[in-house]
Amino acid sequence: MLQSIALMLLGFIALTATSDAAVMITMDDQGRTSTDVFDNQVYYHLEDGNLDMRIDLKTNTCSMFLHDERVHVEGKCDEAQKEMEAAMSEALKQQGMTREHMLAMQKMMQQHRQPGADIKPAGSETIAGYEATCYQMSATRKMCISEAVTTLISREFSLKKIIRLMRQLTGGPFGREASAADQAEQQLREKGYVMKDVDTASGMPNAGMLNMLPEEARKQIMAQLRQSGVKPTGRVVVNIEKNAKFTPQVPNYPKKSIREFANFMMKR
């Protein structure tokens, strides 16, 4: 739950003036449209045209809109982890649990994870007009990154800062520790903007069990499933606009602090 909250907190939003010099990246996400906008050290994320995430590095302000709940969450980015840990501590006390109990549970869960990093080069592709270097992240997952796009974005925003903020929020005393695979992926994301991230198994039934099978058996089963209509899941960049005109449309929702939001999520 904490990791989900942290990932959502990475997208917080606030008002801004119209810009005509932003970098706008549009992605296809299995028929839905996702958009990243980078403008003067501010990051915005939109889903199907709806603004739901913002990080302002200049003011250290993280904001988010939850459209289903009609809630606006806002707080200081560097205080988010502390606020979430406080909310977690309160929730544990209400359930009669201690921090030690939580850490013991997390240790048990981590024993079932695959901590090793077995990332392999997988050639290159031209995506949305930019050269991208590809990697086989697992037997079924492929990710392609572009250093050229990161360079383009860097005039407006520091990707490295937001990626490290995400690592901080999803780790820490109450979050799960980074495995070798997590760390390797973070390094790739810091190196180049993710142009493609698809998994041929995640959209299939019992995807976790598929990854445990011998390679030949897995390939045969996946081929049969694809023939039956099961498609890969993931995002692919389809367009990059260098000097985009962008005006965020911000709903007027009631505002909550990060701790209030974390407490709200704990009770769901």
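Which residue in E4 is the bridge partner of His-45? The views below come from a predicted model, and View 1 gives the reply.

**View 1. Strands E3 and E4 pair side by side.** Met-53 in E4 is the bridge partner of His-45. E4 covers residues 50–56. Six bridges link E3 and E4, and the pairing is antiparallel. The two strands make a hairpin, with two residues between them. Asp-48 sits in that turn and has a positive phi of about 50°.

**View 2. Strand E2 also pairs with E3.** E2 takes in residues 32–39. E2 and E3 run antiparallel and are joined by six bridges. Phe-38 stands opposite Tyr-43 in E3. E2 and E3 form a hairpin too, with two residues between them. Here Asn-40 lies in the turn, with a positive phi of about 55°.

**View 3. Strand E3 is largely enclosed.** E3 spans residues 42–47. Six of its six residues are buried, so the rest of the structure largely encloses the strand. Val-42, Tyr-44 and Leu-46 point one way. Tyr-43, His-45 and Glu-47 point the other way. Residues pointing either way from E3 are buried.

View 4. H2 holds 15 residues, 80–94. At 1.5 Å a residue it should span 21 Å, and its end C-alpha atoms are 21 Å apart, so the two values agree. Buried residues in H2 include Ala-80, Met-84, Ala-87, Met-88, Ala-91 and Leu-92. Gln-81, Glu-83 and Glu-85 are buried as well. Just after the helix, Gly-96 takes a positive phi of about 75°.

Technical notes:
Residues numbered from 1 in each chain as written. Predicted model: local features only at pLDDT ≥ 70, side-chain atom pairs only at ≥ 80, totals over all residues. Heavy atoms only, no water. Helix = DSSP H or I, 4+ residues; strand = E, 2+ residues; numbered from the N terminus. Expected span 1.5 Å × (residues − 1). Buried < 20%, exposed > 50% of the residue type's maximum accessible area, 1.4 Å probe, protein only. Pairing = 2+ DSSP bridges.
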